[in-house]
Amino acid sequence: MEFQKLVKKLLALLITLFSLMLIVFFGIIYYDEGKILPDEIIVEWDEKVLVLNNPITPEKVKEGYLLLSASSQYMGPLNKDSKRRFSGNNLSCTNCHLNGGTMSGAASWIGINDRFPQFGGRANKEGSLVDRINGCMERSMNGRPIPKNAKQMKAIIAYMEWLDYGIPRLNTENFKGYPKIDPPQFAVDLEKGKNIYANECIVCHGKNGEGIRHEDADKGYQYPPLWGPDAYNDGAGMYRVLTAAAFIKNNMPYLQANWENTKLSDEEAYHVAGYINSFSRPKKAEKEKDYPDKKLKPVSTPYGPWSDNFSSDQHKYGPFPPIIEFYKEKYNLIKSK
Ligand code: HEC
Ligand code: HEC
């Protein structure tokens, strides 16, 4: 009897020891992976695993992530403290910069710190990353700028820096901007745009582009709005047909298309981009001051003044190749949006 008990105890001890060894072994491998993964490896974006519940992610980085991915609650209209409200609509930054800003073909923030400071035509001067963030704040988010020294701005920057050292590379290339579309030789056809919208977009973004709110009233959108009072304003990059078409082609319909596997053709993306931008949205004040050097204005900027004689209709709906040709011949400027 005594002997049997002893064997049982020994066995239990052995099993415990063995399990401990397994835990340590996989623990080491997992820990190592976080540090030495090769640049090229492809990892799926998972906000909980990579950011929010990741014990080695700094608190400030998590804070930055929440500001960017749940903007309406943390720095927008749903924040009860008016001093902490910066964005004016209920979008999140990550509605356009997908997967926490790590998605190729969706104006990713990976490598962003190396790209700034950078010359920007909209202000006609060298701008910092803070300026660029506030560019989206005042236009895409229809809000007011976050001061450079505010703790919100510091947390956002900390997150963007962390993207370069804190996570394994999520994709391999095309981090910057959107892959361009070939601008069609004809103008946007709103009737065609309407049909594409009805077939490919309406289920999520709604009949009137109003999107679908989260079930939880304390949160922003499950599917963000594309036009109307709570959408990006008319000074935003997405209000340019060529920019919107490039985003749409490489990212929409959501989960059915990405930069490597697109669904819409250039032409379809172009018509539907014109269609969503044909409706009213909030107005940005003093847009006429954008691009002090008018010839640097992107060709599909739909608001004047311009340094050419093409109509405002053509700047809004194309065709763009004649305008692109004009700037190439007259100023030797190559324009793509
Ligand atoms: C299955 C649902 C779904 C479909 C279908 C879909 N979208 Fe989206 N769309 C989304 C979601 C979700 C986001 C935000 C992505 C995120 O936060 O990760 C988004 C974001 C956007 C944005 C940027 C954010 C904004 O509100 O301005 C645009 C523009 C857009 N979609 C246009 C379109 C167009 C045009 C189509 C049709 C060709 C389309 N979408 C089809 C779900 C969808
Ligand atoms: C409605 C869509 C939209 C929303 C919402 C949005 N952005 Fe953007 N963002 C853009 C577009 C369009 C560009 C320009 C992409 C291009 O053409 O290369 C851009 C560019 C940027 C860039 C520069 C990227 C680069 O590689 O140069 C940064 C940084 C940025 N946005 C940050 C933000 C932040 C922070 C927020 C939230 C406060 C935000 N964006 C919200 C559409 C959006």
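Predicted model: local features only at pLDDT ≥ 70, side-chain atom pairs only at ≥ 80, totals over all residues.
For the residue classes used in these legends, Ala, Val, Leu, Ile, Met, Phe, Trp, Tyr, Cys and Pro count as nonpolar, Asp, Glu, Lys and Arg as charged, and the others, Gly among them, as polar.

Figure 1. The shell comprises 24 residues, of which C201, C204, P224, P253 and Y254 come nearest to ligand 1. Divided by class, this shell has 20 nonpolar residues, together with three polar and one charged.

**Figure 2. Helices and domains that supply the shell around ligand 1.** Three helices, α10 (202-205), α11 (241-251) and α12, each provide at least two residues of the shell. The largest share, three residues, is that of α10. In terms of domains, at least three shell residues come from domain 1 (47-165), and at least three from domain 2 (190-331).

**Figure 3. Crossing of helices α9 and α12.** Helix α9 spans residues 190-200 and helix α12 spans residues 266-276; their axes come within 7 Å and cross at roughly 95°. Because angles of 65 to 115 degrees count as roughly perpendicular, α9 is roughly perpendicular to α12. On the α9 side, the contact is formed by L190, K192, G193, K194, I196 and Y197. Their counterparts in α12 are E268, H271, V272, G274 and Y275. The residues of this contact comprise five nonpolar, three polar and three charged. Helix α12 is also one of the helices that supply at least two residues each to the shell around ligand 1.

**Figure 4. Contact between domain 1 and domain 2.** The protein chain is divided into domain 1, residues 47-165, and domain 2, residues 190-331. The centres of the two domains, taken over C-alpha atoms, are separated by 21 Å. In the contact between them, 20 residues of domain 1 meet 24 residues of domain 2. On the side of domain 1 that touches domain 2, twelve residues are polar, six nonpolar and two charged.

Figure 5. Along the principal axes, the C-alpha atoms fill a box of roughly 100 × 45 × 45 Å. Of the 337 residues in the protein chain, 36% are buried. Among contacts between residues at least 6 apart in sequence, 64% join residues at least 24 apart.

Methods: Residues numbered from 1 in each chain as written. Chains lettered and ligands numbered in written order. Axes fitted to C-alpha atoms, helices over the stretch in contact; angles between N-to-C directions. Helix = DSSP H or I, 4+ residues; strand = E, 2+ residues; numbered from the N terminus. Parallel < 35°, antiparallel > 145°, perpendicular 65-115°, else oblique. Contact = placed C-beta atoms within 7 Å. Near = placed C-beta within 6 Å. Domains from an automatic or database assignment. Buried ≥ 20, exposed ≤ 12 C-beta atoms within 10 Å, placed from the backbone.
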